[in-house]
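Subject: Structure handover

Hi,

Here is the structure I promised. My notes on it follow below.

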Amino acid sequence: MFREKIVNRQLFFFLFMQRTTIVISFLPALTSGRALQDAWISGLLAFFSSAVIIFVVGRLAVAFPGKSIIQYSQELLGSIPGKLLPLFYLFLFLYMTATDIRLYAEVLKTGFLPETPIVVIMGIMMLTAVIVVYAGLEPLGRCADIIFPVFLLMILGSLLFPLPQADFRNLQPVLYGGWSPVLVGAITPTVISAQYTNMAMLVPSVQEPQKSLGAALWSILFGSLVLALFAALAVSVLGPDEGARAAFPVFKMIKSIRVSEFLERIEPLVIFAWGLGLFITNSVNLYSGSRGLSQLLGLKDNRPLLLPMAVIAVTFAIQKYRDYFELKQFFEPETCAPVIFFIIFFPMIILWGAYLLRRPGNRNRR
Amino acid sequence: MDYRDISQREEDFKKAPLVADLERNLRTIMEITGNSYDLSIKKCQIGPEKVPAAVIFIDGMIEKFAIENLLQALKLETFKTGIDGINKKEIFATLLNSLLTEISREADDIQTLYEGVSQGETALLFDGTAKAILCETRGWSLRTIVEPENESAIRAPREGFVESVRVNTSLIRRRIRSPNLWIENLYVGSLTRTEVAFAYIKGLAGEEFLEELRSRLKRIDIDGILESGVVEEFIRDAPFSLFPTVFRTERPDRVASAILEGRVAIFTNGTPFVLVVPADLLMMLQAPDDYFEIFPIGLFLRILRFISFLLSFFLPGIYVALLNFHPELVPITLLLRIQAAREGVPFPVVAEVLLMEATFEILREAGVRLPRAVGAAITIVGALILGDAAIRAGIVSPGVVIIVAFTAIASFTSPVFSLALTARLIRFGMIFLGALIGLLGIQFGLLVLIVHLVSMRSFGYPYMAPFGPLIWQDMKDAVIRGFWWKQTYRPRLLGFREPLRQRPGQMPRPPRKSNYSDKNGGKDE
């Protein structure tokens with residue numbers, strides 16, 4: 001079968017857009033909820049903890065070139081446990097997809113399409129993902145190539161437009177509450193880095209897998225910078241209390257801006273950028289999920305799985321969260337951290353253990 | 001009554017041999033061509049021994065002078081060499097070598113003979129020889145080389161292709177004089193036998209790609225090719241796509257520049273439209289003027305064209321989406337104006353837009369078909385009466401008319417007409433999406449469009465290059481048109497065999513010491 005390849009640049013675009021999409025949606029709210037005006041420090045701190053996740057996930061993917069986590073876990077653990085363990089990951093992809101589309105749909109429904117049923121919005125988002133994954137990984141990479149400059153431009157725009165109204169004195173006093181709220185605030189951004197588990201499915205298709213780890217680290221570096229900037233800006237424009245309480249602080253910040261007498265509304269810009277980023281995020285998640293499931297089931301093609309998986313994701317997104325508050329509740333450090341850390345680290349510890357035990361020259365034992 | 005059908009007749013024609021007996025040969029030819037009135041068969045006798053011979057040509061495809069010269073030479077040569085009729089076989093060899101006035105070749109069977117004659121050559125048959133001489137006498141009236149009407153440019157060569165392959169390839173040969181411009185040809189169409197030629201630079205165009213093109217062209221099995229559009233549909237990569245994956249143009253300068261990038265031009269006899277493969281979307285947005293005007297103007301024009309290209313796809317859809325779903329996003333004063341103008345319009349916005357779009361499409365189609373003489377009438381009825389009256393009667397609002405008219409004009413900025421046709425169709429889709437779910441629908445349409453475009457290839461070349469895949473090096477000639485002296489490299493995927501196009505660092509600078517000093521009345525000492 002023809003193996004589709006992407007390059008590390010496209011991997012970087014994928015990961016960066018995944019990260020930044022969540023950031024512009026509502027991440028600052030979560031961090032500033034704890035750390036108030038120091039949210040931006042939390043954002044920067046999250047870089048280090050996320051780097052650990054990237055290393056844990058990415059290093060194994062690099063060690064087994066051309067093999068996805070489904071394949072090398074079977075190689076490491078044997079057929080039955082090796083097939084059970086990646087189920088955690090497949091569930092994670094579904095989870096992230098459902099959460100992402102639900103978030104976007106909530107914002108779109110409240111802000112723009114109050115009379116459209118939420119299923120329709122989520123269905124359309126999933127349909128675009130199905131279409132691109134159906135076309136293949138290579139078109140997906142090229143889509144990222146095309147979308148990235150537009151996305152970046154919109155991000156820069158939404159960073160620059162609020163500047164005249166920013167009051168940076170809101171950021172003072174720095175570290176007012178000491179380090180502990182800042183550290184707790186860094187938990188959620190780290191948890192969001194669960195997105196980087198996509199590397200376990202993507203790196204096998206990258207042309208130079210040795211450099212993929214670098215691409216991922218650059219993406220988290222820039223992603224953390226964007227997060228810190230947005231967090232600082234949201235607090236500066238809205239003030240620490242408002243910035244903490246608002247549901248979607250970046251959205252709210254953009255909404256409060258009047259560029260000129262005539263041009264009052266520029267929030268479609270953010271929504272559009274978000275939509276583009278979400279398109280990439282969803283598609284990558286769907287790709288990883290369907291690809292993983294097809295490998296697990298021993299199917300040659302992942303295409304027949306796409307539509308059912310999209311339907312499941314939409315259904316799950318509706319069933320999982322009753323409303324926006326439940327959605328937000330999930331992202332509180334107390335709830336999300338254990339769940340996600342369990343999903344990421346439990347399989348990874350086992351895999352790493354097996355990998356390290358097997359490594360010293362006893363390859364011919366099998 | 002002859003009961004043989006066309007394929008049987010063609011079969012027989014291909015098998016028919018030339019024999020030594022002149023009368024039998026002529027009878028075979030008469031039987032095959034059915035005594036068609038434009039086929040002239042003149043019998044004559046050559047030389048002192050009066051060897052029976054025949055001259056065959058098609059009236060209207062030959063140069064009168066050429067035939068006269070040929071006959072003159074024929075008489076002269078036979079007398080000069082003093083061939084005696086006893087050795088009939090020698091006539092053929094002597095004449096083949098000595099008829100220097102014309103380019104001549106020999107034909108061994110009826111098929112070669114007839115195919116030569118049908119291209120305007122003149123055949124000579126002699127009694128006693130099972131071969132014929134074909135002399136180059138072609139000459140028929142052609143359209144003169146004029147500026148292509150559908151692809152006008154301000155500053156670019158004024159020549160355009162005509163309907164003859166030979167003239168068209170010569171237009172390219174005149175521009176690229178390197179011997180490495182290779183032109184291959186083949187005949188397509190079982191009945192029309194249309195000459196199809198393709199030109200490329202040997203050593204620059206990828207060999208695998210050329211092989212692919214050859215095989216695709218050879219695969220075509222059809223009775224007739226009347227226009228290059230038929231060839232295009234047979235060799236396309238994405239037969240169902242709305243987007244043209246084969247570039248077509250009437251301009252020799254565009255074809256030459258494409259060949260210089262490593263692409264291949266396909267010429268079809270009987271049409272001025274030359275195909276270029278592999279094609280990408282970008283080249284359909286580039287106009288010749290961009291390259292020949294100075295840099296900033298070229299840059300400005302191109303960006304303008306990109307924006308209007310996007311508008312021609314999305315503007316009516318966005319208008320419908322905004323008014324239907326998101327009126328709060330429209331600046332309040334503007335919204336008030338639009339709503340005031342819409343007062344009393346009986347249709348919803350979608351119906352209004354669709355109505356105007358449909359009207360415009362009909363007008364445009366009528367504009368293409370109508371005889372020149374009634375053109376003015378249609379313009380007045382269509383533009384003035386329909387548009388003005390529709391607004392006054394309150395059937396449509398002025399806003400919609402502005403949007404539709406602007407979109408139409410924007411779509412005409414695309415230098416390739418087929419792309420404007422694509423935009424026409426996709427626009428309707430966007431209107432529906434915008435009417436269904438507002439801006440989310442437009443976003444959906446945009447994303448699907450992007451996915452479709454990036455998954456397309458033209459002969460293996462990605463259709464959206466250099467945007468997807470992103471090729472930084474090629475960005476110098478994408479959205480912006482970089483300086484000529486900065487275009488150091490060929491497009492990376494096309495010119496991969498030899499990337500360097502010109503010597504780097506040729507930025508012009510003024511000389512350090514001026515030749516004209518201000519002192520001494522401008523004279524240097």
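Predicted model: local features only at pLDDT ≥ 70, side-chain atom pairs only at ≥ 80, totals over all residues.

α15(A) is mostly covered, with 26 of its 31 residues buried.

Now the contact between the chains. Chain A puts in 33 residues and chain B puts in 25 residues. About 2500 Å² is buried between chain A and chain B. Carbon and sulfur atoms give 77% of that area.

Polar links come next. Six residue pairs are in polar contact between chain A and chain B, both residues at pLDDT 80 or more. The salt bridge count between the two chains is one. B:R457 and A:E138 form a salt bridge through their side chains, at 3.0 Å from N to O.

Which helices of chain A each supply at least two residues to the side that touches chain B? They are α1 (8–25), α6 (86–111), α7 (118–135), α8 (137–160) and α15 (267–297). α7(A) gives the most, with nine residues. By class, this side of chain A has 23 nonpolar, four polar and six charged residues.

Best wishes

How values were computed: Residues numbered from 1 in each chain as written. Chains lettered and ligands numbered in written order. Heavy atoms only, no water. Contact = heavy atoms within 4.5 Å. Buried area = accessible area lost by both parts, 1.4 Å probe. Salt bridge = Lys/Arg side-chain N within 4 Å of Asp/Glu carboxyl O. Polar contact = N/O pair within 3.5 Å; in protein donor to acceptor, adjacent residues only side chain to side chain. Helix = DSSP H or I, 4+ residues; strand = E, 2+ residues; numbered from the N terminus. Nonpolar A, V, L, I, M, F, W, Y, C, P; charged D, E, K, R; others polar. Buried < 20%, exposed > 50% of the residue type's maximum accessible area, 1.4 Å probe, protein only.
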